[in-house]
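Reader: Please take me through the labels on this model. For each one I would like the value, the cut-off and the conclusion.

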Amino acid sequence: MPTWHKKLFAGLLLAHFSFSADATPLYRIVDLGDLTVPNPVEFIPARGSARSINNDTTVVGITNSLDGRLRNFIWTADEGMTFNGLGIRADISPAIFVNNSGVIAGVAYRSLTSPRYQSYLLYPDGRVSWIGDPSDTIHDPLALNSLGEVVLSNYGPYSAGLVWSEKSGFISFPGAYASANALNDNGVVLGTVGYQTEAEATVFVRNTENDYEGLTLKTSLDSQFGPRYANYSISRTVINNHDHIATVLTRGSNTPHPDGALGLYDLSTGQW
């Protein structure tokens, strides 16, 4: 009997795998179906990609048809593949994330003749929350947690990271050129502070409902280990719901053969 079970998604195949008592991996591949987009005149060949999967094996993603439009798709075990099944009234509306509550985050051009590019959250009851006002400022969803909080890029006059929720609206992060790229279900956000090569990996922790405090991971690393990692920089970070942050430390990024290390930081204890 399997001792534990997990689900992964790659391409347009859903891979279920488990481990037997003797640790032998057992795989079952589920084909999610053809990405050919139904058309009143003909079937338009399309290519696409899956972007997100939740614990209920709901899969959302994008198809790109020959007419140049990006369409969303949603796949469920009960209903299979549905194109443009999100009910978003837009010419182009790719789906980017689905969380474990069934909320979907995506972006949409609401008019092809006069592009009105806007991110959205779609709730399981069919309700849509449009994020911000359509404008020249582009907000792309970068991460979505189970609370319906979404981290966004901001390609306006001043590039910055933002977090948005129905309750709080937009919240920006402290520090010059602050950006964000991930968050967990505790509302902890990962990002950077600083411009390009000077950017420092930073954890943003909410102080109040509308305010975050930034913790630079390199500062924490140096305070614990002193000069041991003085020449290293933190290049990539991911976080789980236990507030454990996995990092990649690199040294000599401008040399032909940089070396590095992996780090694990526990936000609750402040220890590496």
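Author: Aromatic pairs come first: rings of Phe, Tyr and Trp (its six-membered ring) pair if their centres lie within 6.5 Å, and planes under 30 degrees apart count as stacked, over 60 as edge-to-face and the rest as tilted. The structure holds six such pairs. In one of them, Y229 and Y232 have ring centres 5.2 Å apart and planes at 75°, so the pair is edge-to-face. Ring pairs also link F173, F204 and Y212 into a cluster.

Reader: What kind of model is this, and which residues count?

Author: This is a predicted model in which local features need pLDDT of at least 70 and side-chain atom pairs count only at pLDDT 80 or more, while totals for chains, interfaces and linings use all residues. Residues are numbered from 1 along each chain as its sequence is written, and side-chain values use heavy atoms, with hydrogens and water left out.

Reader: Why is Y229 called buried?

Author: Buried means under 20% relative accessible area, exposed over 50%, and partly exposed in between, with a 1.4 Å probe and protein chains only. Y229 has 15% relative accessibility, so it counts as buried. Over the chain, 41% of the 272 residues count as buried.

Reader: What makes R127 and Y123 a charge over a ring?

Author: The rule asks for NZ of Lys or CZ of Arg within 6 Å of the ring centre and within 35 degrees of the ring normal. R127 lies over the face of Y123, at 4.1 Å from the ring centre.

Reader: How many helices and strands does the chain have, and how are they defined?

Author: Helices (H or I, at least four residues) and strands (E, at least two) are DSSP runs, numbered from the N terminus. By that rule the chain has one helix and 22 strands.

Reader: How do you know which side of helix 1 is buried?

Author: The buried residues of helix 1 (residues 217–225) are L217, K218, S220 and L221. They cover an arc of only 160° around the axis, which puts them on the same side of helix 1. The arc is that of the directions from the helix axis to the C-beta atoms. T219 and S223, on the other side of helix 1, are exposed. An α-helix has 3.6 residues a turn, so residues three or four places apart point the same way. After helix 1 comes G226, with a positive phi near 65°.

Reader: What makes S179 partly exposed?

Author: Its relative accessible area is 26%, so S179 falls in the partly exposed range. S179 is found in strand 16 (residues 179–183). Setting aside residues up to four places away in sequence, S179 touches G161, G191, T192 and F204; contact means heavy atoms within 4.5 Å.

Reader: What makes S179 and T192 a polar contact?

Author: A polar contact is a pair of N or O atoms within 3.5 Å; within protein, one must be able to donate a hydrogen and the other to accept it, and residues adjacent in sequence count only if both atoms are side-chain atoms. The side chains of S179 and T192 make one at 2.6 Å.

Reader: Where does S52 sit, and is it buried or exposed?

Author: S52 belongs to strand 4 (residues 46–53). Its relative accessible area is 11%, so S52 is buried. A polar atom of its side chain lies 3.0 Å from the backbone nitrogen of V98. Beyond four places in sequence, S52 touches T58, V59, V60, I96, F97 and V98.

Reader: How do you know that A105 is buried?

Author: A105 has 0% relative accessibility, so it counts as buried. A105 is in strand 9 (residues 104–109). With residues up to four places away left out, its contacts include A95, Y120 and L144.

Reader: What is worth noting about the phi of T57 and of D243?

Author: Phi of T57 is near 60°, which is positive in a residue other than glycine. D243 is not a glycine either, and has a positive phi of about 65°. T57 is in the loop between strand 4 and strand 5 (59–65), and D243 in the loop between strand 20 and strand 21 (244–251). T57 counts as buried at 7% relative accessibility, and D243 is buried at 16%.
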